[in-house]
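Hello,

Here is the structure we talked about. My notes on rings and cavities follow below it.

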Amino acid sequence: MGVPQAMEVLRERAALVRDSLQKSQTITESMVSILGSFDHRLSALETAMRPTQIRTHSIRRAHENIDKTLKAAEIILEQFDLTRKAEAKILRGPHEDLESYLEAIDQLRSIVQFFSNNKSYKSSDGILNHANNLLAKAISKLEDEFRTLLTNYSKPVEPDRLFDGLPNSLRPSATSPGKQGELGSKNHSENQKNLENAVYTPPTLIPPRVLPLLHDLAQQMVQAGHQQQLFRIYRDTRASVLEQSLRKLGVERLSKDDIQKMQWEVLEAKIGNWIHYMRIAVKLLFAGEKKICEQILDGIDSLRDQCFAEVTANSVAVLLSFGEAIAKSKRSPEKLFVLLDMYEIMRELQSEIEYLFGSKSCIEMRESAQSLTKRLAQTAQETFGDFEEAVEKDATKTAVLDGTVHPLTSYVINYVKFLFDYQSTLKQLFQEFDDGDADAQLTNVTTRIMQALQTNLDGKSKQYKDPALTQLFLMNNIHYVVRSVRRSEAKDLLGDDWVQIHRRIVQQHANQYKRISWAKILQCLTIQGAATSGGGGSILGGDTGSGVSRGMVKDRFKTFNVQFEELHIRQSQWTVPDSELRESLRLAVAEVLLPAYRSFIKRFGPMIENGKNPGKYIRYRPEDLERMLSEFFEGKTWNEQKR
């Protein structure tokens with residue numbers, strides 16, 4: 001096809017497209033016209049419907065307001081109903097149904113809170129006043145109920161119930177119901193070890209079923225702002241009961257003057273009782289008070305510690321004041337052991353006291369207990385010094401005519417023995433003031449006491465006119481000391497060297513006694529220029545028996561008889577109380593005297609026996625002397641000797 005034809009075809013098609021576009025434009029204009037007509041009609045319809053919509057919205061809002069009002073009315077009516085129910089429970093009081101009563105108080109608090117937050121209600125003020133008045137009455141009744149419940153179930157604890165809480169070893173024995181039990185025949189230190197593991201059972205001060213009720217009441221009182229009322233009720237009730245329990249036990253308030261006027265035996269018994277009272281008070285009564293205080297006032301920390309402090313304050317003061325009075329009283333040696341006992345109980349109770357009275361409210365009581373412990377330690381240490389000085393300067397005129405062990409010696413040794421029963425306590429006491437070696441300090445104290453005793457005995461020995469009795473007295477006393485030390489724990493402390501040195505001192509005094517008593521009489525068995533032959537030769541000296549006259553021999557026998565009889569009479573009244581030492585001393589005398597006497601009789605006896613009245617001069621056979629020597633140091637009286 002040629003170009004002209006193609007162009008013709010294109011023109012035809014363009015004409016068709018133009019016609020189509022014109023038709024489309026016409027249709028579009030028609031649709032716009034129609035839609036414009038619809039928009040106009042809808043605007044008119046909307047204008048016509050607007051009043052209806054407004055009325056419908058108003059009705060809906062009115063319904064919503066009515067619903068809200070009805071709900072608010074329901075809530076208010078519900079609060080009125082709850083108020084009425086709570087009021088009924090409050091008026092009935094807490095006694096019949098405490099749990100329901102406490103619920104009513106909580107409900108009243110909610111009601112007060114509700115109307116406080118909704119004061120726009122016309123009745124809010126009236127209801128608030130009514131609910132608050134009702135709440136005040138409820139809390140007042142609650143206080144009364146707390147007081148009644150606490151008082152009714154707070155009773156003094158009888159002593160028997162307290163004793164039941166003690167370990168068996170500390171309970172009163174069946175034979176002495178008024179006193180604490182003894183720990184058999186064991187020594188003091190063993191008793192202390194036993195007590196370290198002892199189990200104590202605090203008494204039930206208030207029945208467990210009542211404690212939750214008291215706790216709930218206390219919580220309500222605190223919520224109502226009645227902390228001080230709660231504090232006063234709790235303090236006054238429990239403090240009084242605690243003091244009554246202690247009085248029933250035997251605790252009494254004594255002044256320093258009362259204590260100063262007491263006889264020592266009475267005071268010693270009271271101190272023993274005080275030690276038991278302290279143990280019972282701290283481990284049983286105070287521990288029990290702490291437990292119920294924590295249960296009743298659980299969650300009320302500010303009051304709990306203060307209440308416990310106030311409840312126990314007076315009782316603690318009464319107990320500690322007795323200890324203070326003893327610690328400050330006039331010192332004397334016999335008080336040392338009770339001071340140590342008192343110091344011991346304070347040390348024993350120290351951890352419990354720190355636990356029970358550990359709060360800030362209890363600081364005064366805690367410090368008072370610590371002060372007493374320190375004061376007792378100081379007084380005990382000063383009493384040590386007093387005792388050492390008293391031993392050295394003891395000037396008692398107690399006559400020990402027979403040379404036996406002096407009462408001072410036995411007293412001091414018993415004192416030292418008792419001290420060693422308190423070894424651990426003494427070491428603690430020394431370390432209160434000095435961090436040095438406690439063993440060394442105890443050794444030093446013991447050595448000084450022993451030296452003070454020896455110094456005093458040396459002075460007392462000079463009272464004897466007979467120097468032989470002086471030596472016998474020192475021998476007896478130092479032997480008693482050495483023997484006692486060897487049989488006690490003091491030996492480990494003083495050491496073997498100390499024992500050996502003092503045994504040699506005993507032997508020296510025995511030798512001195514023999515020399516002074518028997519040297520003169522042995523001279524009777526010696527004649528100048530003549531000598532016995534036999535065991536006594538080395539003592540008597542001399543060489544031959546030639547040139548000795550019968551008269552000289554008679555005089556020697558007569559002198560020997562007189563001197564021996566005097567010694568027998570006098571020294572049979574003397575005493576060597578230790579049987580082993582007594583026999584040893586007799587044997588030592590016999591070993592010197594009898595051989596010398598036998599030798600003298602053998603050499604010179606025939607000169608007398610061949611003359612007149614030989615019995616007048618040779619009164620004793622060696623066997624007679626041996627028998628009479630066995631009567632020496634028996635402490636016989638003159639009448640006993642004559643019999």
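Ring pairs join Tyr513, Trp518, Phe560, Phe564, Tyr597, Tyr620, Phe632 and Phe633 into a cluster. Rings of Phe, Tyr and Trp (its six-membered ring) pair if their centres lie within 6.5 Å; planes under 30 degrees apart are stacked, over 60 edge-to-face, the rest tilted.

This is a predicted model: local features need pLDDT of at least 70, side-chain atom pairs count only at pLDDT 80 or more, and totals for chains, interfaces and linings use all residues. Numbering runs from 1 along each chain as its sequence is written, and side-chain values use heavy atoms, with hydrogens and water left out.

The whole structure has 21 aromatic pairs. One of them, Phe600 with Phe604, is tilted, at 5.0 Å centre to centre and 50° between the planes.

Lys290 lies over two ring faces: Phe308, at 5.1 Å from the ring centre, and Tyr355, at 5.7 Å. (The cut-offs: NZ of Lys or CZ of Arg within 6 Å of the ring centre and within 35 degrees of the ring normal.)

Now the cavities. On a 1 Å grid over the protein atoms alone, a cavity is a set of points where a 1.4 Å probe fits but cannot get out; lining residues have an atom within 4 Å of a point. Points are joined across faces, edges and corners, and the volume is the space filled by probe spheres set on them. There are 4 cavities of 30 Å³ or more.

Best wishes

How values were computed:
1 Å grid on protein atoms, 1.4 Å probe; cavity = no way out; pocket = protein on both sides within 12 Å on 5 of 7 lines; lining within 4 Å.
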